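Subject: A structure for you to look at

Hi there,

I am passing on a structure that I have been looking through, and I would like you to have it open while you read.

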Amino acid sequence: MSAGARRAALWGALFIINFGLIATGRILDLIEPPVPWILMAANMVLVIPYVRAIRAWQETSGRMTPAMRRYNQRFLAFSAIYMVAMIVGGNLADSIEPGSALLWLTATAPLVPVLGMIWTMGRFLVEEEDEYQRHRAVNAALWGLALVPCLGSSWGFLEMFGLLPHVWA
Amino acid sequence: MKNRLRVLRAEREWSQQDLADRLGVSRQSVNAIETGKYDPSLPLAFRIADLFAMPIEAIFLRD
């Protein structure tokens, strides 16, 4: 693994581990709202060095294309909107009247950037002129399509029998 | 698929980035084709052949 890839992997791992610790703390009720949301927002700062490391690695490893640059910018923007929607919604949920239109709006707000991320992936496949980069992106998407349902279904079945706790989306 | 891309590139003293720029692909793509990790599509194979002014069969070798 190149130095650039290692640097990007390190920042990414730190970001994910932190999120895992915060989520674990919340699931086990070790931390109460709004502490998890504040910690998640603070953790978002790690996105900056992570994205910089990823971009530098893509440039030096010969992976960067104009379509990839646009993909990175769009995905980052939608990720930021998603995090804001999650943090704001998570903090406001308990103080909104159950079943109200505002609660529906708050609950569905994160779906908009998620759809934006899916759109971004689709646009990349359309805009990318490099066939090998398209091939890699399709392979990655297929692996994700296989892994996410496997992990989600496995967790769901174990949760159904009370062996694992419920995890918020 | 085995190919002579690296040899042909070296004869012209082109780097992988040079070849990538001439073909309009990324350097990673050139590397993947040279090392046999990826077989180019027919349009890209024709572009490679046109660039080196050779038939495709002179560049890409049957296994």
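Among contacts in chain A between residues at least 6 apart in sequence, 67% join residues at least 24 apart. Please keep in mind that this is a predicted model, with an ipTM of 0.90 and a pTM of 0.76. For chain B, the mean pLDDT is 94, and 100% of the residues reach 70 or more.

Chain A overall

Chain A has seven helices and zero strands, so its pattern along the sequence reads α-α-α-α-α-α-α. Along the principal axes, its C-alpha atoms fill a box of roughly 50 × 35 × 30 Å. Of its 169 residues, 11% count as buried.

A helix pair in chain A

Here is a pair to find on your screen: helix α4 (residues 66–92) and helix α6 (residues 111–127), both of chain A. Two packed helices are described by the angle between their axes and the distance between the axes. In this pair the axes come within 9 Å and cross at roughly 175°. Angles over 145 degrees count as roughly antiparallel, and α4(A) and α6(A) are therefore roughly antiparallel to each other. On the α4(A) side, the contact is made by A:Ala67, A:Arg70, A:Tyr71, A:Arg74, A:Phe75, A:Phe78, A:Ile81, A:Tyr82 and A:Ala85. On the α6(A) side, the residues include A:Pro113, A:Val114, A:Met117 and A:Phe124. Sorted by class, this contact has 11 nonpolar, two polar and three charged residues.

Leaving aside neighbours within four places in sequence, A:Tyr82 is in contact with A:Pro110, A:Pro113 and A:Val114. From C-alpha to C-alpha, A:Tyr82 and A:Val114 are 7.0 Å apart in space, although 32 residues separate them in sequence.

Where the chains meet

Now turn to the two chains together. In this contact, 13 residues of chain B meet 10 residues of chain A. On the chain B side, α2 (16–23) and α3 (27–34) each supply at least two residues. Which helix gives the most to that side? The answer is α3(B), with five residues. By class, the side of chain B that touches chain A has five nonpolar, seven polar and one charged residues.

Those two helices of chain B also pack on each other. The axes of α2(B) and α3(B) are 8 Å apart, at an angle of about 105°, and the helices are therefore roughly perpendicular to each other. From α2(B), the residues B:Gln16, B:Gln17, B:Leu19 and B:Ala20 meet B:Arg27, B:Ser29, B:Val30 and B:Asn31 of α3(B). This contact has three nonpolar, four polar and one charged residues.

The largest nonpolar core

Which residues make up the largest nonpolar core? There are seven in all: A:Tyr132, B:Leu5, B:Leu19, B:Ala20, B:Val25, B:Val30 and B:Ile33. In α3(B), the buried residues are B:Gln28, B:Ser29, B:Val30 and B:Ile33. They pack against α7 (131–160) of chain A, together with α1 (5–11) and α2 of chain B. Not counting residues up to four places away in sequence, B:Leu5 touches B:Ile33, B:Glu34 and B:Ile59.

Some backbone angles in chain B

Most residues other than glycine have a negative phi, and most peptide bonds are trans. With that in mind, look at B:Glu13, whose phi is near 55°. B:Glu13 lies in the loop between α1 and α2 of chain B, and counts as exposed because there are 7 C-beta neighbours inside 10 Å. The phi of B:Ala53 is also positive, near 55°. B:Ala53 sits in the loop between α4 (42–52) and α5 (56–59) of chain B and is exposed, with 7 other C-beta atoms within 10 Å.

Enjoy exploring, and write back with any questions!

Best wishes

Technical notes: Residues numbered from 1 in each chain as written. Chains lettered and ligands numbered in written order. Predicted model: local features only at pLDDT ≥ 70, side-chain atom pairs only at ≥ 80, totals over all residues. Axes fitted to C-alpha atoms, helices over the stretch in contact; angles between N-to-C directions. Helix = DSSP H or I, 4+ residues; strand = E, 2+ residues; numbered from the N terminus. Parallel < 35°, antiparallel > 145°, perpendicular 65-115°, else oblique. Contact = placed C-beta atoms within 7 Å. Nonpolar A, V, L, I, M, F, W, Y, C, P; charged D, E, K, R; others polar. Core = buried A, V, L, I, M, F, W, Y, C linked by C-beta atoms within 7 Å. Buried ≥ 20, exposed ≤ 12 C-beta atoms within 10 Å, placed from the backbone. pLDDT = per-residue confidence, 0-100.
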